[in-house]
Amino acid sequence: MYNFKVINIKSAMPINIVYSSFRDPSGFVFYRDNTLYRQINNFYKEEYDHLMKSGLYKRLVDSNLMISHEETDVECANPTDAYKIIKPEFIPFISYPYEWSFSQLKDAALTTLEIQKIALSFGMTLKDASAYNIQFHKGRPLLIDTLSFEIYSEGKPWVAPYRQFCRHFLAPLSLMKYVDVRLNRLSQICIDGIPLDLASSLLPLHTYFNSTLFYHIHINAKLPRLLADKPLNKEKQKMPRKELIALIDKLELTIKEMKWKLPDTEWGDYYEKTNYPLESFNNKKEIVLEFLKKLGPKTVLDIGANTGEFTRIASSLGVHTISIDSDFAAVEKNYIQCVKNKETNILPLIVDLTNPSPDIGWENKERTSFIERFYSDTAMALALIHHLAISNNLTFEKIVNFFSRICNSLIIEFIPKIDSKVQLILSRREDIFTDYNEKEFEKNFKKYFDIIESKKIKNSERILYLMKKK
């Protein structure tokens, strides 16, 4: 992620402040010696003490709803303003809401609401409800922003976090369910959540008859314009705790009832439609397992993972594995299986390798690109090369250059032109790919990688390669 350096005068050690934490006056996140810390400013002293002494922190951590931390005496970037320095539990990979499947976003929303209800019982409240404050860690969503709480005042309305919750969670979930699941990508364009007037204009007419969506999206979308020239009456804005809990309960019930009906897609049903026999498929799994055991990676990136069949070979070895695919249905199935099986080493994400998440936000540094966020010990590219080279007109030179930037070792499958899947692609376009062959493939990959081993899959012309970067 993007950082900017600050030199601690006392120790003359560089401290890299994480750019995305610049908005919060309560503190910021920084790296020192490749370790992540969070500075808590004096401004936030009262709230932090209440969080820790009230029992709320312990309750949330014990319930696997919030990241744990330990207080440290490490030197920081701004000692005069520092109240505490904490070291949060390490999260291997930071993902963003526009990379999540429907059920991931839904679970993140329910986690946010559950945290708010628990916080109220300890005399605190969430001061924001950003989806970026939630991360998936060890198979479940949890809050990573320790500074998200403030002391609750009786009658204080939950206005700003409520509207943020509607933009970050309710609006995208409604659009995914009622219009098109791909509209979650609007969250990438709208960094502070999908504007409610936009969501309202896109939702179908029948959602006006859903009382929750009618009030929380359609009516809310009109309020800023109606109240633009009117001063706020703070007395009328007051909301008793009982009403606030009722509001949260209603939002929670609405989101729990939201379901996305999985469509039939080419990739969501990929393993039911493979073009080679079960013996070949099982042999492919055996070879992948063998290669992974030889490499012994700590992290794996499975590219074009579909529903995660081969991802689970890596995760079964205790390897933290990012499982990416551009197909929403495939990633949804993958995540649902992770939840069902209580798998803690897999993070399924929606990422189109030909158009991955870019740098966005203030100065294009607030949210970093997918490629900048992750570098894996091993990348797996199975049944992928023909889609990159033929479907997307990418040369082997460009493909290998990309892989050399994201991993130290590579397990990759070469699929020749005689394969029926390649033939299907070529039947829809002119074959201009004269360099698409095994010889050119090896020639280009040898520029960046040493080919350690290659094995042909049984009863198939497909070849699996094990490579290590030079």
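Let's start at asparagine 459, which counts as exposed at 55% relative accessibility (exposed means over 50% relative accessible area, buried under 20%, partly exposed in between, with a 1.4 Å probe and protein chains only). This is a predicted model, where local features need pLDDT of at least 70, side-chain atom pairs count only at pLDDT 80 or more, and totals for chains, interfaces and linings use all residues. Residues are numbered from 1 along each chain as its sequence is written, and side-chain values use heavy atoms, leaving out hydrogens and water.

Asparagine 459 has a phi near 55 degrees, a positive value in a residue other than glycine. Most residues other than glycine have a negative phi. Alanine 383 is another residue with a positive phi. Here they are together:

| Residue | Phi | Relative accessible area |
|---|---|---|
| Asparagine 459 | near 55 degrees | 55%, exposed |
| Alanine 383 | near 50 degrees | 13%, buried |

What about confidence? The mean pLDDT (the predictor's confidence in each residue, from 0 to 100) of the protein chain is 90, and 91% of its residues reach 70 or more. Over residues 1–13, though, the pLDDT is below 50.

Definitions and conventions:
Contact means heavy atoms within 4.5 Å.
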